[in-house]
Every structure is written in structure tokens, then in C-alpha cells.
Amino acid sequence: MRNGSLLLIIILSAALFGAATDVVAQLPALPSGVIKWDASHKNSLKGSTTFFENFEMDVLAAKPNDNRKDATVSADHEELVILKEGNLDMTIGGERRVLGPGSIAFILPKGKYSYAVSGNTAAIFYRLKFKSKSPLDEQRGKTNGESFMVDWKDLEMKKNERGGRRDFFNRPTSTCQKYEMHVTTLNEGLPSHPPHTHAEEEIILMISGNGTMEIAGKYYNTAPGDLVFVASNELHGIKNTGKGQCEYFAFQWK
């Protein structure tokens with residue numbers, strides 16, 4: 001009886017410890033909403049989403065002559081760098097490019113990269129890190145283009161009746177079945193489209209101008225540098241409510 005009771009205590013303790021570990025590891029779900037730009041670069045975002053076990057966003061500022069060598073993305077995450085201001089001399093997997101404002105870098109799991117500030121002004125950039133809830137597929141990421149960089153000046157703006165659009169990429173990655181990113185240029189007074197829903201989660205990152213974002217019946221004013229997170233299947237839409245055109249990144253995944 002004593003041995004049986006001791007065994008039962010051990011089993012129950014292990015179960016409780018495991019449950020507690022799961023609770024600690026589970027990040028809170030990110031709600032839809034706006035993170036306002038902070039000139040001190042203290043903007044941050046961390047939590048779970050419908051598709052990501054972990055999703056993080058930080059704003060980093062690198063001074064002239066600052067550099068980082070041989071940074072490595074963790075084995076179960078991908079990273080997206082979006083340059084807001086200044087220039088970065090960046091190397092990924094042997095490819096080296098000087099990236100200007102509006103440019104991006106997408107790095108697959110275990111990818112190595114280095115950067116140095118190019119020029120006499122600081123480089124300010126967003127760094128997003130994400131880990132999928134679904135199993136990682138490294139081969140899918142490699143087959144669909146490996147890690148890559150896209151320079152703003154290399155992209156054509158395709159004009160349309162509402163303003164225009166620059167397409168950055170649309171492909172599967174190691175963590176996502178689909179990851180798509182573009183920049184919308186929206187004329188004064190116009191909505192991008194009627195409020196709508198989709199399964200993909202989405203981020204709107206304001207580049208210039210002002211807008212009003214509707215999410216699930218709530219309205220948020222947006223300005224340059226602001227980041228909007230829209231959860232899966234939330235009704236949303238954005239309208240240019242400032243003077244002149246506004247521009248913003250829009251990217252979504254599943």
C-alpha cells in the first residue's frame with residue numbers, strides 16, 4: 001500500500017508539474033489593435049496568435065559604425081526586418097546589399113546574417129520574430145526561395161484607381177503555408193476596400209500619411225510608424241483620412 005500510494009503521488013506530481021509548465025509556456029493571445037509609434041523606440045509586441053505560437057516585434061536603432069556580425073535566427077523561428085530610416089549594409093547567406101528605407105530582409109530558421117550602418121545617420125528598423133503552431137517545414141522554405149532581401153528602390157509601383165501598390169513577395173515559408181507582403185499607396189479620402197474578413201492574420205504598418213482603421217466596429221487613428229494587428233476573421237478596413245496620399249505595409253500569413 002505504501003509503495004502504491006507513493007507511486008500515485010509521483011504520478012500526480014508529474015502531471016501537475018507538466019500542466020504548470022504548459023501554462024507558463026503559453027503566451028497570451030494578441031488582441032487586435034494599434035501600437036503607436038514611440039520616438040524612444042520602445043515599441044514592442046509579444047504574444048501568441050491563431051497561427052503563431054510566438055510572435056514578437058521590436059524596434060531597434062543602430063548608430064553609425066554600429067554593426068552586428070554572425071547573428072543567427074533560432075532553429076524554430078523566422079525573422080522579418082523592415083527598415084524605417086537610414087541605411088543598412090546587410091549580408092545574408094553570402095549575399096550583401098545596402099538597403100534603404102522601406103526595404104526588407106526575410107531570414108529562414110538557422111539563417112545567419114550580419115549588418116552595419118551605412119552612412120552618417122542612425123538606422124531604425126522593425127524586427128519581427130515568429131514561430132508557427134504547425135510543424136516547421138525547412139525544406140518548404142528552401143524550395144520557395146531561401147532567405148532574401150528586397151530593396152524599396154527596386155520595386156515598381158503599379159498605379160490603380162485608388163493610388164497604387166508595390167508587391168514585395170507572396171510565397172510559402174518554413175513556418176507558413178502562405179506569407180504575402182505589399183505596400184499600398186492610398187489617395188486622400190479613399191478606403192482601401194470595404195470592411196471585410198479573412199482567415200489570414202494581418203499587420204498594417206504605416207509609412208506616411210494618416211488613416212483610420214476599423215476593426216470589429218472600433219475605430220483607430222493611425223500615423224507614420226504605427227503598427228496595426230488584425231486577428232484572424234476580424235472585420236476590418238482602412239481609410240485615408242489625412243491630407244494627400246498615405247502609404248502602408250500590409251502583410252498577412254497562414
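Reader: Which strand gives the most residues to the lining of the largest pocket?
Author: Happy to start there, and keep in mind that this is a predicted model. With 5 residues, the one that gives the most is E14.

Reader: How much space lies in the largest pocket, and which residues lie nearest its centre?
Author: The space in the largest pocket is about 330 Å³. Its lining is made of 23 residues. Nearest the centre are Arg-165, His-182, Thr-184, Ser-192 and His-193.

Reader: Which elements give two or more residues to the lining of the second largest pocket?
Author: This pocket has a volume of about 150 Å³. Among its 13 lining residues, Leu-83, Lys-84, Gly-102, Ile-207 and Phe-249 are the closest to its centre. The elements that give two or more residues to this lining are E5 and E15.

Reader: How many nonpolar residues are in the lining of the second largest pocket?
Author: Let's go through the classes. The lining has 1 charged residue and 2 polar ones. The nonpolar count is 10.

Reader: How many cavities of 30 Å³ or more does the structure hold, and which strands give two or more residues to the lining of the largest cavity?
Author: The structure holds 1 such cavity, with about 30 Å³ of space in it. Its lining consists of Val-81, Leu-83, Leu-88, Leu-99, Ser-103, Ile-104 and Ala-105. By class, 6 of these are nonpolar, 1 is polar and none is charged. The strands giving two or more residues are E5 (78-85) and E8 (104-107).

Reader: What is the bridge partner of Glu-79 in E10?
Author: As a general point, strands of a sheet pair through backbone hydrogen bonds, either parallel or antiparallel. Here E5 and E10 (residues 123-132) run antiparallel and are joined by 7 bridges. In E10, the partner of Glu-79 is Lys-129.

How values were computed:
Residues are numbered from 1 along each chain as its sequence is written. This is a predicted model: local features need pLDDT of at least 70, side-chain atom pairs count only at pLDDT 80 or more; totals for chains, interfaces and linings use all residues. Side-chain values use heavy atoms; hydrogens and water are left out. On a 1 Å grid over the protein atoms alone, a cavity is a set of points where a 1.4 Å probe fits but cannot get out, and a pocket is an open set with protein on both sides within 12 Å along at least five of seven lines; lining residues have an atom within 4 Å of a point. Grid points are joined across faces, edges and corners, and a volume is the space filled by probe spheres set on the points. Helices (H or I, at least four residues) and strands (E, at least two) are DSSP runs, numbered from the N terminus. Ala, Val, Leu, Ile, Met, Phe, Trp, Tyr, Cys and Pro count as nonpolar, Asp, Glu, Lys and Arg as charged, and the others, Gly among them, as polar. Two strands pair if DSSP finds at least two bridges between them.
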